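Please examine the sequence and the three-dimensional structure shown below. The paragraphs that follow lead from one chain as a whole to its partner and then to a single residue.

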Amino acid sequence: MARSPLPVWRLITTMIVIVLLARMLVFLIQTPNFEWGVVLSYLTFPSIMHGLLVTVVITISCTALSILLGTPIALCRLSPVLALRAMGGGYVWLFRGLPALVQIVFWFNLAYLLPRISLGIPFGPVLYSWSTNKVITPFVAALLGLGLTEAAYVSEIIRAGILSVDRGQRDAARSLGLGAWKTFFLVIAPQAMRFILPPMGSQLIGLAKSTSLVSVVATSDLLFSVEVIYSRTFEVIPLMLVACFWYLVIVSILFVLQVYLERRFSQGREESRGWGPAWLRGRQRPAVVPSVDLG
Amino acid sequence: MSGQARPPVLRLRGVRKAFGSELVLDGIDLDIYEGEVVVVMGPSGSGKTTLIRCIDQLESIDAGAIYLDDELLGFEAVGGHLRPMDERGVNAQRRRMAMVFQQFNLFPHKRVIDNVTIGPIESRGLARADAIRTARLLLERVGIGDKLECYPRQLSGGQQQRVAIARALAMEPRIILFDEPTSALDAELVGEVLEVIRELAREGMTMVVVTHELRFTREVADRCVFMERGRIVEVGPTAQVFGNPRSERLRALLSELQNPIAQDVDVGNRRSLR
């Protein structure tokens, strides 16, 4: 282990952190209004478990929707075709510009605008139509409002990632006679992932928390289930703590996933472990070269 | 210069290319024959790099024509008219050439062996095992046989460029285009890359090399092209171009070799140029 030039500073920082943590712990334990007993008793309450499930399902579906929609939008914005660039740019302008909450309420009330949703050829025959109120459930409204907003942000993250890959990589791939799809999936995308994953992690963690917005259209998500209980029992703080606990659990899982994916896509790169004075960074570990049998 | 009787591997006729209002290539005519090494020199901005990028169809040309083995590059005749080829056709033509870049442009997320096999497997459709076998031989040939599983970033610049040459050779190209292959290298690493190119020349590989390495040019190039402002101002057998430079710029460039600053770059040339 490399010796720090100033071990005394390392010691002092550590002491300060320990004192602050200790004070925090005492506050959490000694404040009776936290009502930890109540927190514990509601932690796995059936309606809260159901709310948690709804929140997780919305998070996963919106993530999928935002990536499936955001990738083509990013590619549109990078297209040489003006119409596609304009369409992509217009999408981002509109859906990044409107608050997710406004969109959720708008989609939920879509029936006032369009009583029936129909599928058909533009300016041509209608193939099929549905009653809007049957299609747009609170869940679907939440999915559309959050997913479409998220797709706008995700497309910008993906676009930035693609732009970060050196132009020479595309030249080299094309020079080898690789087609556009192979160039994208074998050469550009794996390298863009390195730039996409860190902001994407933050974005999806933000999404997981934004799902709490759907409680406004009476979707029984985690926050809504908690609100239902405390409006009856008035145990606001402990029930909020229950919600906080589960949000942190979801976010922690996403965080671990992000770290794993970042490792997976940093192949061939020696990432620096951070910056700042050596005593803050700690020990540097040598990069490990993965060894794979060539067969 | 063998095979003059046969049609050239590469034929350029009146090639023009403009970036915006700037004419980068202004009517280039050039024939390159089988087994020939042609070095392209010229001041920066003279269009050397654009020339070989146009040959590899990384840039489109505005006028003129380029033929590879008598096949027009980038265009096909449809009903008596020339039409730009679709991507599939262009890629099929690119597979018959290979390019080595100034900045190597290895794929940093792939191991050395995968950098060399990606072209044969994904582009030429070779079986994985065959591609790996060939790639190993090629990497041994360029002296990287012991670094198959390294990532490009773990290699020196000279080693990276040699991997890039192996990647080009793996395409079994009719012709290899080198775009200033040693310009991004530290001085002490230039030699090992030039030695590999020299070896390829000895084996009869057809090559177009854009470079500033004058001694290398004098030793290896069969013919020498000097460009200025998008035109070829001198072309001919290397000894003739070096021995009797007609253009002002080339004369100035060659006389720089006699000046003490350039001494360590190219000691060998000084005597012969007098």
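Of the 274 residues in chain B, 46% are buried, a residue being buried if 20 or more other C-beta atoms lie within 10 Å of its own, exposed if 12 or fewer, and partly exposed in between, with C-beta atoms placed from the backbone. This is a predicted model, in which local features need pLDDT of at least 70 and side-chain atom pairs count only at pLDDT 80 or more, while totals for chains, interfaces and linings use all residues. Residues are numbered from 1 along each chain as its sequence is written, and chains are lettered from A and ligands numbered from 1 in the order in which they are written.

Chain B comprises ten helices and twelve strands; these are DSSP runs, numbered from the N terminus (helices H or I, at least four residues; strands E, at least two). The C-alpha trace of chain B spans about 55 × 55 × 40 Å along its principal axes.

Turning to the partner chain, 26 residues of chain B are in contact with 23 residues of chain A, contact meaning that the C-beta atoms, placed from the backbone, lie within 7 Å. On the side of chain B that touches chain A, the elements giving two or more residues are α2 (87-94), β8 (97-100) and α3 (112-123). The most comes from α3(B), with five residues.

H212(B) is placed in the loop between β10 (207-210) and α7 (214-220) of chain B. Because 17 other C-beta atoms lie within 10 Å, H212(B) is partly exposed. Beyond its neighbours within four places in sequence, H212(B) is in contact with M41(B) and S183(B).

Technical notes
Contact = placed C-beta atoms within 7 Å.
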